[in-house]
Amino acid sequence: EDEGLVTSETTTGKRRYSLTDQGRAAAETVAQGPSPWEQVAAGAPAGARALRQAVAKLMPVIWQVGTSGGTREHDEAVKVLEETRKRLYSILAGEQGPGQGQGQ
């Protein structure tokens with residue numbers, strides 16, 4: 001409001017905000033450029049971006065197993081996730097897993 005981009009009004013105990021003409025123009029300008037998350041990702045190393053994408057692909061599957069799976073699926077998923085957690089810590093510790101040589 002102090003920049004003249006929005007106005008607000010209080011009705012029925014709730015505050016409602018609206019863009020001003022200046023706010024709409026500013027929003028259009030921002031929309032022309034990259035999104036904030038793209039700006040952050042552009043500065044990240046390729047490996048970090050790939051890791052983030054892998055996690056983003058994994059989370060919906062975990063959710064689906066949690067909501068649609070039964071006891072057997074939950075138990076199996078926990079085993080996989082626990083093993084994955086341990087292997088990730090071993091990567092940080094500099095240990096190599098099975099089938100991994102130098103440079104791989």
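Student: Before we look at the helices, what makes a crossing left-handed?
Tutor: A crossing is left-handed if the near helix is turned anticlockwise from the far one by less than a right angle. In this predicted model, the crossing of H3 and H4 is left-handed.

Student: Which residues make that contact?
Tutor: H3 contributes Ile 62, Val 65 and Gly 66, while H4 contributes Glu 73, His 74, Ala 77 and Leu 81.

Student: And at what angle do the axes of H3 and H4 cross?
Tutor: The axes of helix H3 (residues 46-68) and H4 cross at roughly 150° and come within 9 Å. Angles over 145 degrees count as roughly antiparallel, so H3 is roughly antiparallel to H4.

Student: Where in the chain is confidence lowest, and where is it highest?
Tutor: Helix H2 (residues 36-42) has the lowest confidence, with a mean pLDDT of 74, and H4 has the highest, at 96. The chain averages a pLDDT of 87, and 91% of the residues score at least 70.

Student: Turning to Ser 90, is this residue buried or exposed?
Tutor: Ser 90 counts as buried because its relative accessibility is 18%, below the 20% cut-off. The residue belongs to helix H4 (residues 71-92). A polar atom of the Ser 90 side chain lies 2.6 Å from the backbone oxygen of Arg 87.

Student: New topic: where is Thr 20?
Tutor: Thr 20 sits in the loop between strand S2 (14-19) and helix H1 (21-32). Thr 20 is buried, with a relative accessible area of 17%.

Student: What does the side chain of Thr 20 reach?
Tutor: The Thr 20 side chain reaches the backbone nitrogen of Gly 23 at 3.0 Å. Leaving aside residues up to four places away in sequence, Thr 20 touches Gly 4, Leu 5, Val 6 and Thr 7.

Terms used: Residues numbered from 1 in each chain as written. Predicted model: local features only at pLDDT ≥ 70, side-chain atom pairs only at ≥ 80, totals over all residues. Heavy atoms only, no water. Helix = DSSP H or I, 4+ residues; strand = E, 2+ residues; numbered from the N terminus. Buried < 20%, exposed > 50% of the residue type's maximum accessible area, 1.4 Å probe, protein only. Polar contact = N/O pair within 3.5 Å; in protein donor to acceptor, adjacent residues only side chain to side chain. pLDDT = per-residue confidence, 0-100. Axes fitted to C-alpha atoms, helices over the stretch in contact; angles between N-to-C directions. Parallel < 35°, antiparallel > 145°, perpendicular 65-115°, else oblique. Contact = heavy atoms within 4.5 Å.
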